[in-house]
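Hi,

Here is the model I promised to pass on. Have a look at it first, and then read my notes below.

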There are 2 protein chains.
Amino acid sequence: MSKSIYKPRPISGFPEWLPEVRAVEQQWFDHIRKVFESYGFCSIETPSVEEIDVLTAKGEVDKEIYVIERLHKEENDKEARLALHFDQTVPFARYVAQHFNDLTFPFKRYQMQRVWRGERPQAGRFREFYQCDIDVINVDNLPIHFDAEMPAIMWEILSSLPGMEDEKFQIRISNRKILLGYCQGIGITENVAEVLRILDKLEKIGIERSFNLLRELGLLEGQAQMLIDMTSLKTSDPNKIRDFIYKIEGVSDDVFQGLEELETVLKSLTHLPQGSAIADLSIIRGLDYYTGTVYETVFLDDPSYGSICSGGRYDDLAGSYIGKHLPGVGISIGFSRLFDRIRLKGRLPASRKSPAQVLVTVFDDAQRFDALKTAAGFRKRGINAEVYHAAQKFQKQLGYAEKKEIPYVWFLPAEGKGHEVKNMATREQIAANPETWEPQK
Amino acid sequence: MSKSIYKPRPISGFPEWLPEVRAVEQQWFDHIRKVFESYGFCSIETPSVEEIDVLTAKGEVDKEIYVIERLHKEENDKEARLALHFDQTVPFARYVAQHFNDLTFPFKRYQMQRVWRGERPQAGRFREFYQCDIDVINVDNLPIHFDAEMPAIMWEILSSLPGMEDEKFQIRISNRKILLGYCQGIGITENVAEVLRILDKLEKIGIERSFNLLRELGLLEGQAQMLIDMTSLKTSDPNKIRDFIYKIEGVSDDVFQGLEELETVLKSLTHLPQGSAIADLSIIRGLDYYTGTVYETVFLDDPSYGSICSGGRYDDLAGSYIGKHLPGVGISIGFSRLFDRIRLKGRLPASRKSPAQVLVTVFDDAQRFDALKTAAGFRKRGINAEVYHAAQKFQKQLGYAEKKEIPYVWFLPAEGKGHEVKNMATREQIAANPETWEPQK
């Protein structure tokens, strides 16, 4: 067998955790799943790959895509080119189109999988990461109530994840119809996608640079200024936006429809603490498939970390595959970036290195069978139990339990004594009946 | 926005399920996780990719590997070449070497992730599939008790998964030291890896073809025949193997060590039903990293479907990275192939299309706020509740619940009546208090 010369090292952008961190990650996933299901969202998963044509059909994302290929593929391979999905929205839209006849609409699903983006790794930017998405797709018409439900569910989750207690975050909501209609109203009819892309980066690149870029695109000074004023609006009172829009003549009906939708969504969030959810017309989302409501969520003490929970409405994504109208809306927790931030802040709750609640010790090899039987009895009663792997000195067995943070150590009858259990926190060791003993919660 | 012309279709070898199937898949994962944790195995996950050097360091697997590459990668890209992992053992060994100083040994972990192999898709052979692995790695010396524990845990799982009740399966166990030492004893010293590879396929390609292939490799007729006789042995009584080996002079101590290990493992499984676990010297496992115990598990009514649960001991895999001796043993459920078989047999347990237990109906839009509040109350009490999305006719709302298999429908006070709940199975509708009502289990 060849001797490996490879020295293992982390791969930049592909996180992996120690068991005690992974235990909290599982706790988070379990919690998110529970809340999603409590609202009636069912689970689906899609393959990690899609045909490249599916992934590149909408939006300018191809630079980030990872294609996959067999190391030794045959020549003249006629298989479709496959790539790892970069989000869960496009695969979900494809799923709905493909399984259209087998689904009940409105179709509400959640999806918690890894996604991949070939971006430059940096704080909060991984190349492989988990997203937790909820989406609804309906046939023909999707009530605005769903747009309103999405951020409320996410608020419930974000504010109840263990470790998030002291975090202040804000959901920022806009509606693309407003900005698109506004552009039209002030006479911008060309390069609209590019205009939006510049405004999308406004917070990142600053007002001056955005202004210059808009001017370079051919916008008049007044147009560029009005767009920047418009997208600088951040308010929990939609009337302020209404006032702003009324100043412009020739604004299309779309703008007012977008405004009404935005109002409905904001109104449904008034039960949240003041400032939790605001209208922010600078929220555009880079992806081209959004058509109405758009959401982002930032930490108030560090908005530059980027959005931890984003999404929006996409009226033309799923249906385009099969010639139907299948409007959808969804929102996604950027799980890994959120989790990693709380981890780096040292705020993850305490967790144990082992799920075992009790370690059954072994005095000598003849006792192993009894130890296995005792542990099996514990497991039957829902107690996670591990049998020590060798009849070593008790001190060594206790040391193992201590290092693995197993809270109880069990001793089988020996040397005239009966069953005993040691509480590793209090160091107290007492007689106990293996058929009735319960660990403290 | 460009109109997509892509017609969605399944990608061969990359399975995806409808919600009602996915619900059972989740049930299976939950069950497996629970059993793994009940034995004190902690969870870890590794990235989906490894550096190619890691994946190809051991064994002849490169033909199956999927490499990944950014669609528009820069020229002169100096990043290491990455590929999707084809199993969880190699990544786990790399993980242990990399995090050596942060782990407590013996390190017991479980891992339930997708893996990828670029094989030709066929029944039970996917290109993307889940594996559920348990492994233990220790420093210097790993007691044989762990080799014995592995198949017992897997038996417990396989025999208790919902849908597996009527399946007859058999765990087949061997120890590579026996066959390797036996080869040496009968004078085969060259091409041993190739010899093993032929014997590994014996059941598939038949005795005659195997015999001829062994002869072509240069084995004498007697040698080839003895190997085939040896690997045809299937017995729950290790003494039969012992008898066989004693016929040969010059058999190395390794053979008897392997035999003793095999006996210990089999003895620990005597509590299982007769014939559940047998010694089978034809079990070799294709992967080169195994050094001792090896396991496979087949359906007795269809052994040609291949192994649904396999693994073994690898004494030189993890340590080779960092110049230590880190022996390991593990076993893996081929989750997707197992699940898909039970699915195709129509034996998966019944499941619902939606996790919602109750649908709260809406009589008119003014009632929506009360409906949301009522549903929130249910969720607080652990009842999954969905609010219908529009104030449509009750008949339509009931039809939705029926199609989604939501077992209860709730009616808010209206037209002089109080809260009422309808049991969709019995069609009975009764008055109910939203603060105390519980769905039947």
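First, a definition: I call something a salt bridge when a side-chain nitrogen of Lys or Arg lies within 4 Å of a carboxyl oxygen of Asp or Glu. Within chain A, the side chains of A:Arg381 and A:Glu438 meet that way, at 3.3 Å from N to O. This pair ties together distant parts of the chain, 57 residues apart: A:Arg381 sits in the loop between helix 13 (368-380) and strand 14 (385-387), and A:Glu438 in the segment after strand 17 (429-431). Helices (H or I, at least four residues) and strands (E, at least two) are DSSP runs, numbered from the N terminus. Over all chains, the search turns up 56 salt bridges.

Some housekeeping. This is a predicted model, so local features need pLDDT of at least 70 and side-chain atom pairs count only at pLDDT 80 or more, while totals for chains, interfaces and linings use all residues. Residues are numbered from 1 along each chain as its sequence is written, chains are lettered from A and ligands numbered from 1 in the order in which they are written, and side-chain values use heavy atoms, with hydrogens and water left out.

Now the interface. Chain A and chain B each put 97 residues into the contact (heavy atoms within 4.5 Å). Together they bury about 8900 Å², with 55% of that on carbon and sulfur atoms; buried area here is the accessible area (1.4 Å probe) lost on putting the two parts together, summed over both. Twelve salt bridges run between the chains, including one between B:Arg22 and A:Glu45 at 3.4 Å, N to O. On chain A's side, helix 1 (residues 19-38) gives the most, with eight residues.

The strands join in too: strand 3 (residues 66-70) of chain A pairs with strand 3 (residues 66-70) of chain B, antiparallel, over five bridges (pairing takes at least two DSSP bridges). There, A:Tyr66 has B:Arg70 as its bridge partner.

As for symmetry, chain A can be laid on chain B with an RMSD of 0.0 Å by a turn of 180° and a shift of 0.0 Å along the axis (least squares on C-alpha atoms of residues with pLDDT of at least 70 in both). The two copies are therefore related as by a two-fold rotation axis. In chain A, the C-alpha nearest that axis belongs to A:Ile68, 2.2 Å away. And since 100% of chain A's interface residues are also interface residues in chain B, the copies meet through the same surface.

Cheers
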